[in-house]
Amino acid sequence: MRRIRVKDEQAVIELRDTSYSYRGGELLLQGMTLQVAPGSFHFLTGPSGAGKSTLLKLMYAELQATGGAVTLFGQDPRVMDRNAVADVRTRIGVVHQDCQFLDHLSIADNVALPLMVQGKPVGSDLHDLLAWVGLSDRMHAFPPELSGGERQRAALARAVILSPDVILADEPTGNIDWDMSQRVLQLLVELNKMGKTVMVATHDIALIRAAKPQVSTRILRISNKRLQSAGAEL
Amino acid sequence: MIADTLRLMIAPNKASDTVVPPTGFTARLTVFAAGAMAFLAVFALALSVSTGRLADRWEAELNSSVTIRISAPADQVEAQTLAVLKVLDQTAGVASARALEPDEQRALLAPWFGPDVPLEELPLPRLVDVVQGPQGLDAAGLRLRLAAEAPGAVLDDHSRWRAPLVDAARALRMLGWIALGLIGITTAAMITLAANAALAANAQVIRVLRLVGARDTFIAGAFVRRFTLRGLIGAAAGTAAGILAVILLPNGAEGGFLTGLGFEGFGWLSPVLIPPLGAIVAFAATRAAALRTLSGLR
């Protein structure tokens, strides 16, 4: 079992010999051990179907490990009550590949959704955030009216509106062109420079190579259901 | 804790109400179901109250009234009637006693024979109406004395025919309460179905809300508030219609069974409880459905 130790600081997300199988079937992930230090930037790569999205779901407690353990900020989601899981998710912003918007709400409301569910006021931060992702003029549009790149940027804005400690992005550039991919990457790098922990799941090697000059990254690869360090190869 | 949960689920929450899209079909279904059930509940309540009243009255009359029937040769009827009245005058527990006049007996028979019946030509027994005092009378002892003093006199305490009616009225009252219970359960079932449909239609919304950190009370609250309000509005409309229908029922002779269906005095206030009860049923049914659905999501 290879242990991938990122930093010596207390990990925000930790996997200890983690395995996952769907309903007791064949193992999808096996023997994964990882410590994600605060402020780090990770790429998670591997072929389609390798289990990148599954691993991210374990990291925001949508799935629970069937073997070993996952801890989020030192807590095991399997023993957390539902309110505690909800609370820990306010510290983890997630950008989904398909964005997961509510189509009946405007982009402004979708971005503000994490604030709304916490009962927090939606103030000028929302406008600043939309300006940061370049969507000020699209705030009243509805999700189906946005391009792929706009949707990804809006999803990123929603993921960070609560100023979470960790940002998990699942194929954030999967459906957008190269220029827009660079724009999204730039936003993620900026967030990392603000101290956020970032993990990006992608199979786009060019994106990883483009990030290397901008930020200190660690590259993980899922191969044969196991997690490997892949930095040197890239 | 419970108070906080109730507050989150009932108190207006614009954010929660905004994020869950309106569900037109289930909204109309819920209002209609709650209204129809409340309408029926008013009648079930009226049935229970009326039959209860009837049973109480019949039972009171059963306990307070007896009749003595004197069948004797024509030349002895008057003498035995006087003898019966004398015995009754000396019997403890008798508040009053009087022999019915021929006109009164004719009135009793009129529904069966018509008003022109020649009573004097029919071998009818003489009737003595006895009203008991609060302590009641000793029927067995009275029968013995009547047998000795007036051999043609028969004491009828009405129990043979009135007791089954009282039982029937009580059974009807029980049926009314059972009907009310079934209406409540059916309302809960219909609202649960509607809530489940709404929850299923909004499965993606619920998933996204969980992923962005919403607690169960926030998500469930949006559904609970809507269905509680719909239950309340539907039940209020149904109750109003039910009360109006009861008022418009034909009100026949006093003591009539079907024509006496309705409320009396402060009893008219009892249907007012139906809308809040409907809202409580909607609240409980929707909350249970929502939390059950949410428990399936992480």
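Predicted model: local features only at pLDDT ≥ 70, side-chain atom pairs only at ≥ 80, totals over all residues.
Biologist: Why is B:Ala188 called buried?

Modeller: A residue is buried if 20 or more other C-beta atoms, placed from the backbone, lie within 10 Å of its own; 12 or fewer means exposed, and in between is partly exposed. B:Ala188 has 21 C-beta neighbours inside 10 Å, so B:Ala188 counts as buried.

Biologist: Where does B:Ala188 sit, and what does B:Ala188 touch?

Modeller: B:Ala188 is in helix H7 of chain B. Helices are DSSP runs of H or I, at least four residues, numbered from the N terminus. Leaving out residues up to four places away in sequence, B:Ala188 touches B:Val281 and B:Ala285. Contact requires C-beta atoms, placed from the backbone, within 7 Å. The C-alpha atoms of B:Ala188 and B:Ala284 are separated by 8.0 Å, though these residues are 96 apart along the chain.

Biologist: How do you know how H7(B) and H9(B) are arranged?

Modeller: Axes are lines fitted to C-alpha atoms over the stretch in contact, and angles run from 0 to 180 degrees between N-to-C directions. The axes of H7(B), residues 159–201, and H9(B), residues 216–248, come within 11 Å and cross at roughly 145°. On the H7(B) side are B:Ile191, B:Ala195, B:Ala198 and B:Leu199; they meet B:Phe223, B:Phe227 and B:Gly231 of H9(B).

Biologist: What makes one residue of that contact polar?

Modeller: Ala, Val, Leu, Ile, Met, Phe, Trp, Tyr, Cys and Pro count as nonpolar, Asp, Glu, Lys and Arg as charged, and the others, Gly among them, as polar. The contact of H7(B) with H9(B) has six nonpolar, one polar and no charged residues.

Biologist: Which residues join H4(B) to H6(B)?

Modeller: H4(B), residues 74–89, and H6(B), residues 139–149, pack at about 145° with axes 10 Å apart. B:Ala83, B:Val84 and B:Val87 of H4(B) face B:Arg145, B:Leu146 and B:Glu149 of H6(B) in the contact. Four are nonpolar, none polar and two charged.

Note on methods. Residues numbered from 1 in each chain as written. Chains lettered and ligands numbered in written order. Helix = DSSP H or I, 4+ residues; strand = E, 2+ residues; numbered from the N terminus. Contact = placed C-beta atoms within 7 Å.
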